[in-house]
Amino acid sequence: MVPLRQPFLHQPSVNNYNIVPVCTIPYYLTFVKFNRAHNIVQYLTIDHGCGKEGHNGESVTAVASSSSRLLFPRLTSHVHGGSCPPNLQMSELDYTKAQLAFFYIIILLSLDIFNPVKIFLHVFPSIAPWHIAALAIACMLYTFIVNMRELLYFAVKIFFHSILSIFFNDVQIVGKENIPNYGPVIFTSNHANQFMDGIMIMCTCQRKISYLVADKSWNRPIIGHLAWAMGAVPVKRAQDSAKVGTGNISIQLHDISAIDESTSDATVRVSGNNTKFLTEMKAGDKIRLPGTALGIKIASISSDNSLTLKVEEGIIDLLSSQPFPEFVSFDILPRIDQAEVYQHVLEKMASGGTIGIFPEGGSHDRTDLLPLKVGVALIAYSELEKDGINVPIVPVGLNYFRAHRFRGKATVEFGSPTYIDPSTLADYQRGGADKRRVCNDLLAKIENSMRSVIVSVPDYETMQLIHAARRLYRQDARTETAEQRQDMGRRFAEGYKRLLLQSGGEPPEEWVDLQKRIMDYQKELNELGIRDYQVSGLDHEEVEIGSETEGHSKADTVLHRMNVLGHIFHLLFIFVLAALPALFLNFPVGLAARIYSNRRRKVALAASKVKIKGYDVVLSERVLACIVLVPSLWIFYGILLLVFTSLDGPTLAFCFTCFPLFSYWSIMAAESGMVDIKDLRPYVMRMIPSARRRLARLPATRKALKADLRAMVKKIGPSMGDIYYGKGKDLDWQKIQLETKNMSSHDLEHVSSKKDE
């Protein structure tokens, strides 16, 4: 029997090459509205704000959470009542011109009498068709080679976008209007999720970004290749070349107390025991003390057992944290010459490029920023000195929710740019103490701007308290946008810091009691396995069939229980639908990636001085494992089908191309099932007598906490100034956080430690 596809492909009345233009019409209707190929890249890889919150980037959901905006941008723009930015959308006249041009091309390709190539070959019969084809192929190859880096960046960005759509349930963007459209830019971000941080910014920013990547990561398989395709710049880090010093060192306490930080050449003498200072290190290297991440520069070495350290900002506190005069171990951080790196970065910015930097120097899972490295300040001043360009330094806040887990959520916030004060350039050029002072001042401004786009708190317990208080304070019937959530979280975080500072570490007793009640409420939710938003639905009294209490009828009861049964049947249907492809396509990879990422987490934690549990590397390592294992598993199944079945080539190809589709569908179906499980959990817990009583108490507890929290905010709010009275975008978070930092009370870390005691 002749397959049906053969007569269609070989009908004499239908030219095969004429089928292609007709098949392209649906794709044309989707994409012809964009006036440049670059705009197509942006539509495929970033969220351009055509959502219901408007196009200013105030609160929009990334394309990872909505494919309809990608497939039908013109339609969704109208449906949501917004419009795309003018640089991403043609005018109506241009759109009409593009339509006419496209259909004119269709006519040329469909009818030989109007086909310019056919006419040319008819006029010059000595030229064969393959001559024209060969010339076109040569031009295509030339174009590809010339624009290879741009095409690679485009391809990698599409690939990363697909990763985000799989591994994150929701990505929201705030403050895209703060990104300059043209010219050089330096993006500075917190570093809470290792390689995923760069991917997140790359896929949510319309500018092409070249990152500074640690040389250690650059040399890793896959990571290094992707970084090269992104146009990243490798940077050698001193901590990657750290080695353990021989012997132990000590500093006398009276030497520490005698340090005068006001002088630019202040030093402190170090004594060694069985050390080899002369052979293992040199002036300009750094030593790192136990339990710290900051290196201290060596000023001079006089013998194998004696050297002096240069005293810079923060060094006295670091030395005071050690059990001197007892001898302690130390690490040696060799001095790295970054002149070549700086030159490469300056060349990129001089040509209008953008640079991405993580000034903390490495990823971590802490709830606050690490001390920033001075490199970003040196780059900004060098560009101002060399090319006269005052580069805007845009802070990027990466705020993750369940960062190390599959299908988590994230909010990317772009803050207001920071600029160098041009009058300080002369001090920078003088060098010495003046150069260090202006660089440290700029670094402080950058740090303050970075804090303005994240919710920074001293510890994880405080972070839990802030999130719980924010959820209780908001209005139940109101849906928060990403910008509102970030704003409210920062208000509570900064207000909490100021409350501790104003009270000298001893907040009012009523606040302490309220704080304990909030944490107990959150603990109760965690133990029962339900969420705060579900508590408000628990206060509806469960009515038995046949009874009629106030506000309920028999029909209400029946409908309520039918709704529960509907959830259960939907859950079972989803699980059955997702079970087979998930079992064969996702489960083996997920299990292997989980084991691998946990091992890598332990290795990273053992090698780090700043990580708490090493959760910042989990998702990145899981993604890397999946990049290798997923296609490997598909190829393995393809080989099995080829060897053990009698399927023909087209059928095998069809099965192979279905693997990614089924894998993705099973992920979405499994996630839908998990949502049902979470929604059904309160009903299931009601079947347990002890849990039923605990659930019954939650609505009243929440209502009382909500009222008491609002009363407390109303009472202490006026003392917080703009944190309480400020309105939305009118708030200058950099100014507020600087005021908090400069408050004359005890240092926040001292207060936090006092609170723990």
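The exercises below work through one predicted model, each with a stepwise solution.

Residues are numbered from 1 along each chain as its sequence is written. In this predicted model, local features need pLDDT of at least 70 and side-chain atom pairs count only at pLDDT 80 or more, while totals for chains, interfaces and linings use all residues; side-chain values use heavy atoms, with hydrogens and water left out.

**Exercise 1. The chain as a whole**

State how many helices and strands the protein chain has, and what share of its residues is buried.

Solution. 
- Step 1: Helices (H or I, at least four residues) and strands (E, at least two) are DSSP runs, numbered from the N terminus. The protein chain comes to 31 helices and 15 strands.
- Step 2: Buried means under 20% relative accessible area, exposed over 50%, and partly exposed in between (1.4 Å probe, protein chains only). Of the 757 residues, 44% count as buried.

**Exercise 2. Strand S3 and its neighbours**

Describe how the residues of S3 are placed, and find the strands that pair with S3.

Solution. 
- Step 1: S3 covers residues 185-189, and five of its five residues are buried.
- Step 2: In a regular strand the side chains alternate between the two faces of the sheet. Val185, Phe187 and Ser189 point one way from S3, and Ile186 and Thr188 point the other way.
- Step 3: Two strands pair if DSSP finds at least two bridges between them. S3 pairs in the parallel sense with strand S13 (residues 354-357) over four bridges, and Ile186 has Ile355 of S13 as its bridge partner.
- Step 4: S3 also pairs in the parallel sense with strand S14 (residues 393-401), over four bridges. There, Phe187 stands opposite Val394.

**Exercise 3. A sheet of seven strands**

Give the strand order of the open sheet with antiparallel pairing, then follow S10 to its partners.

Solution. 
- Step 1: The order is S6-S12-S9-S10-S11-S8-S7.
- Step 2: Strand S6 (243-244) and strand S7 (248-250) are the edge strands, each pairing on one side only.
- Step 3: Strand S9 (residues 286-288) pairs with strand S10 (residues 296-303) in the antiparallel sense over two bridges. Lys286 stands opposite Lys297, and Ile287 stands opposite Ile296.
- Step 4: S10 and strand S11 (residues 306-310) run antiparallel and are joined by four bridges. Ile301 has Leu307 of S11 as its bridge partner, and a hairpin of two residues joins S10 to S11.

**Exercise 4. Backbone exceptions**

Find the loops that hold Pro325, Gln194 and Ile222, and state the backbone feature of each residue.

Solution. 
- Step 1: Most residues other than glycine have a negative phi, and most peptide bonds are trans.
- Step 2: The peptide bond from Phe324 to Pro325 is cis, with omega near 10°. Pro325 lies in the loop between helix H16 (315-320) and strand S12 (331-333).
- Step 3: Gln194 has a positive phi, near 40°, and is in the loop between S3 and helix H11 (195-204). Gln194 counts as buried because its relative accessibility is 16%.
- Step 4: Ile222 has a positive phi of about 70° and lies in the loop between helix H12 (215-218) and helix H13 (223-229). Ile222 counts as partly exposed because its relative accessibility is 25%.
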